[in-house]
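Trainee: Before using this model I want to see how its terms are applied. Please begin with the wording of one rule.

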Amino acid sequence: MKITDDVPSTLTALDRPNSYIGRSVPRPNLARLTQGRGHYVTDVTLPRMAHVAYVRSPHAHARIVRIDTTAAKKMPGVIAAVTGPELAKVITPWVGVLTHLKGLKSAPQSAIAIDRACWQGEAVCAVVARTRAEAEDACALVQVDYEELPTVTDPETALDAATHVIHADLGDNLCFERSLDVGTVDAAFAGSDAVVETTFVFGRHTGVTNEPRAIVADWNPGEQRLTVYHGTQAPHMMQNLFAKHLGLEESQVRVLTKDVGGSFGIKVHTYADEMAVVALSKLLKRPVKFVADRIESFVTDIHARDHRVKAKIGVMNDGTITAFEIDDLTGIGPYSVYPRTSGIEANQIVNLTGGPYACPNYRAHTRVVFQNKNVMCQYRAVGHPIACAVTEGLVELAAAKIGMDPLDIRRKNLIADNAYPTGSASGLKFEALSHHASLDKLVKMMDHDALRAEQTALRHKGIYRGIGFASFIEVTNPSAAFYGVGGAKISAQDGCTIKLDAQGAIVCHTGVTEQGQGAEAVIAQVAASAFGVAIERVRVITGDTDNTPYGGGTWASRAAGIGGEAAWQAGKALRQNVLAVAGSILQAKPETLDIRDSQVVDAGTGKERIGLDEVARIAYFRPDTLPPGFQAELMATRHYVPRAFPFSFTNGIQASYLEVDTDSGFVKLLKHWCVEDCGTVINPQLVDEQVRGGVVQGIGAALYEQCVYDERGQMLNGNMADYLVPMASEMPDIQCGHVVSPTADSELGAKGAGEAGTAGAPACVMNAINDALRPLGAAPLTDMPFTPGKILRALGRVS
Amino acid sequence: MSSLQCDITLTVNGETIRETVEARKTLVDFLRDDLGLTGSHVGCEHGFCGACTVRLNGVIVRGCLTLAVQCDGAKVETIEGLSDTGECADLQTAFETRNALQCGFCTPGMLLTAQELLASDRVPSREAIREHLSGNYCRCTGYHAIVDAVEAVAKARAGSGT
Ligand code: FES
Ligand code: FES
């Protein structure tokens, strides 16, 4: 079997003897998972543990007139039936706003709805019982009288004067609005040889993590402490929020996150039904477990995208892009999600559109409105798939209009590789990107000219294949600019503590978390390299607020770039400390020594002087033999946060090759390529697998996935038979390549890689479909997902 | 809702088990909740995701669509059993080396399904592998690495003549 090729390290600072940087070492600890010995929250059971099930509103908007739990409480196994007002005595409500998103407003949200349900699926009553089955049995007997209220579902009319205002106190249904006008947009359009204008639509979809959301909360009145086993990306953030809303000190809350069955941004938010679990545990003084079943997941896991973007591009006949303009509208459900808010996706679309191109004229407007559907919030690649599809869709439509090759228009307009540092019209700062090098590499990888020739030849036989591209940029390694400056207690910095054990192995405690992406492996590789041991001598501890340095966890592609740098610095610091001990044992200057493969050696000659096991033995058990006044420090902690740039942008380009069956409207994906530049590649195989998984999530958005709602706010396809997800047989092989432009903000130089695939895939699949159908005169498809029905309509085969 | 209880006797990973179960209890809930065999996962409870895949009398089934009472007298095998016997150790190693799992939630089901394919079709094409695995949902990997791992093991097994 071929493991993805190793990429040689490009930085001398990382060029330590036996370095693991740039090597595709397998992740430690995977055998647990292949043997079925993982420890997911769904697997957790505790003594006296009870299970909660929720009665959920069948209406999108309704007043709760009366709840009668009498019959439910008499059911076998039932411990409690708790309504919103009862639970509100234990837990306070929250409002999802950030001060740096100016004007963003929302209404207080409670753990269980108090007097009104605002979306279909909102919990209105909790039933706690000995087993989940008994809790569900009793839920069926809870009597709820509702009075239906007018529903707001269509974002286009949400702000009309005639439309019902969901939260009267807010005055209208507007959550957030932002405008930007840079350069001379009107003059640029007026002077353009061609202008293309169209509307892009993005289907509302969701994460469908294979393990649903799960939480076990255990309030121990004897200790006055709450222990929460939580499938989350951000344990410290949740520790803060549980404490804050239960009226506890953070020191009274411990959040434990072991194996998580997929997250992708779904598990980085505050969910009312999870907040209710911690409150129920406090109320009932015993462990309470909640696992969302798949039907609940579809109507409560955050949804994302669901944007309508009117967009316009101006271009000269020589291909020069003159201006971009967008008008974005999105409906985010009845509440802005706490604490990250539901304004970020729209804000990112404004920031990112046009981002890869050197075009000074840009106008953008976005409105985020409330509606009576499930809440929307940040999901893998937040805003990027939309901004990228709008930008790249416009660029290829403009190229077609002036008769230019889609790669040539990019070559003409992509920011030059030697132009950095520079910025975008929207104000983003770019440290070092490689659009042109990436494009050149992609063209070689895909054997572009041969593919075009094949496409042309097949067209003569009535076979319609398309090639589509998408250049992209991706936000990674966020500083406090993302959330901290807006007042949210979401840590941008992260830490790593490394200690030498008594046999000379090391243990790393890190604030970043493992969601399957390989964070533990990356930390182990970095620590092993920085300190000087084989990776088998490294153990990594994550996901425990009692035992890891304070940190942000895993989101916005930050674990490797930020957590990795902290581990690098901690490894170096511990090496210095250990060399100080070795120096005093050996009567040598520490700076003449190094650690290589668990041995203290002469730095110059590599000659072995003393083993780490011996250093540890002396330091821990015979410190009396060390010089008077010398104290060995065999544990080191370092923290890191990016400071020079608010974000570390990555870039890349994807291509899709596909075939459209013009009789059935089905799309067959033949091959997909992605070249991306995430700076220093710590583990090529892990980066490639992040890209591949991300690409397939993006393909899901382009072709299959959509939460379908009717006009009354009822989700119509909330199950895995009706909501289509990508499966193995429809997915193509995906070839990955790399260009390496390290960030100078850290020694490691690593940027994030977790979201690039999802950012670019929908755009290039869209462009490939339109490329395939262009000779048939089909109207360009810009309304995702591109179902067979939409394709047949574009071809005029059905009306 | 029902409280009908049934006595069942079955073999699970070679051990004889006698239990009383509710008639409505699914096989995967029985394995996980009553026997503590948490290697089989529950992703959808409606037969779509394949995370609950186990072997019943030698054939893979959905543990969420099978009732525990249907397994009276049956032979059930789970990922824990296959791991202990080493039956698919090469496949497990290939998954680990090729990073054919990220979160690992789909992996036990994937492994049982792949093992069945390899037992019946010695060196399947990549398309045949994709087709056979297409009842097992993986949100993390994009499937490419899984196909690589299964393909590599198929070739290795054919090459070594086992
Ligand atoms: S849990 Fe059985 S198929 Fe999903
Ligand atoms: S590895 Fe996460 S679902 Fe497959």
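Mentor: A polar contact is a pair of N or O atoms within 3.5 Å; within protein, one must be able to donate a hydrogen and the other to accept it, and residues adjacent in sequence count only if both atoms are side-chain atoms. Across the interface of domain 1 of chain A and domain 2 of chain A, this rule finds 10 residue pairs, both residues at pLDDT 80 or more. On the side of domain 1 of chain A that touches domain 2 of chain A there are 4 nonpolar, 12 polar and 4 charged residues. In these classes Ala, Val, Leu, Ile, Met, Phe, Trp, Tyr, Cys and Pro are nonpolar, Asp, Glu, Lys and Arg are charged, and the others, Gly among them, are polar.

Trainee: What are the conventions behind these values?

Mentor: This is a predicted model, in which local features need pLDDT of at least 70, side-chain atom pairs count only at pLDDT 80 or more, and totals for chains, interfaces and linings use all residues. Residues are numbered from 1 along each chain as its sequence is written, chains are lettered from A and ligands numbered from 1 in the order in which they are written, and side-chain values use heavy atoms, with hydrogens and water left out.

Trainee: Which domains is chain A divided into?

Mentor: Chain A has domain 1 (12-38 + 493-640), domain 2 (41-149 + 212-260 + 266-300) and domain 3 (375-480 + 644-794). These bounds come from an automatic or database domain assignment.

Trainee: How do you know that domain 1 and domain 2 of chain A are in contact?

Mentor: Contact means heavy atoms within 4.5 Å, and 20 residues of domain 1 of chain A meet that condition with 19 residues of domain 2 of chain A. The C-alpha centres of the two domains lie 40 Å apart. They bury about 1,500 Å² between them, 40% of it on carbon and sulfur atoms. Gln515(A), Thr545(A) and Tyr550(A) lose the most area on the side of domain 1 of chain A, together 38% of what that side buries. Buried area here is the accessible area (1.4 Å probe) that two parts lose on being put together, summed over both.

Trainee: Why is the pair Asp544(A) and Arg254(A) called a salt bridge?

Mentor: The rule asks for a side-chain nitrogen of Lys or Arg within 4 Å of a carboxyl oxygen of Asp or Glu. For Asp544(A) and Arg254(A) the N to O distance is 2.7 Å, so the pair qualifies. The interface of domain 1 and domain 2 of chain A has 4 salt bridges.

Trainee: How many residues of chain B and chain A are in contact?

Mentor: 51 residues of chain B are in contact with 57 residues of chain A. The area buried between the chains is about 4,400 Å², with 56% from carbon and sulfur atoms. There are 7 salt bridges between chain B and chain A. Glu705(A) and Arg139(B) meet in a salt bridge, N to O 2.8 Å. α3(B) gives the largest share of chain B's side, 5 residues. That side divides into 22 nonpolar, 18 polar and 11 charged residues.

Trainee: What makes the pair Phe430(A) and Phe649(A) stacked, tilted or edge-to-face?

Mentor: Rings of Phe, Tyr and Trp (its six-membered ring) pair if their centres lie within 6.5 Å; planes under 30 degrees apart count as stacked, over 60 as edge-to-face and the rest as tilted. The structure holds 12 such aromatic pairs over all chains. For Phe430(A) and Phe649(A) the centres are 5.1 Å apart and the planes at 90 degrees, so the pair is edge-to-face.

Trainee: How many salt bridges are there between domain 1 of chain B and domain 2 of chain B?

Mentor: Between domain 1 (5-82) and domain 2 (88-158) of chain B the count is 0 salt bridges. Polar contacts between these domains number 5 residue pairs, both at pLDDT 80 or more.

Note on methods
Helix = DSSP H or I, 4+ residues; strand = E, 2+ residues; numbered from the N terminus.
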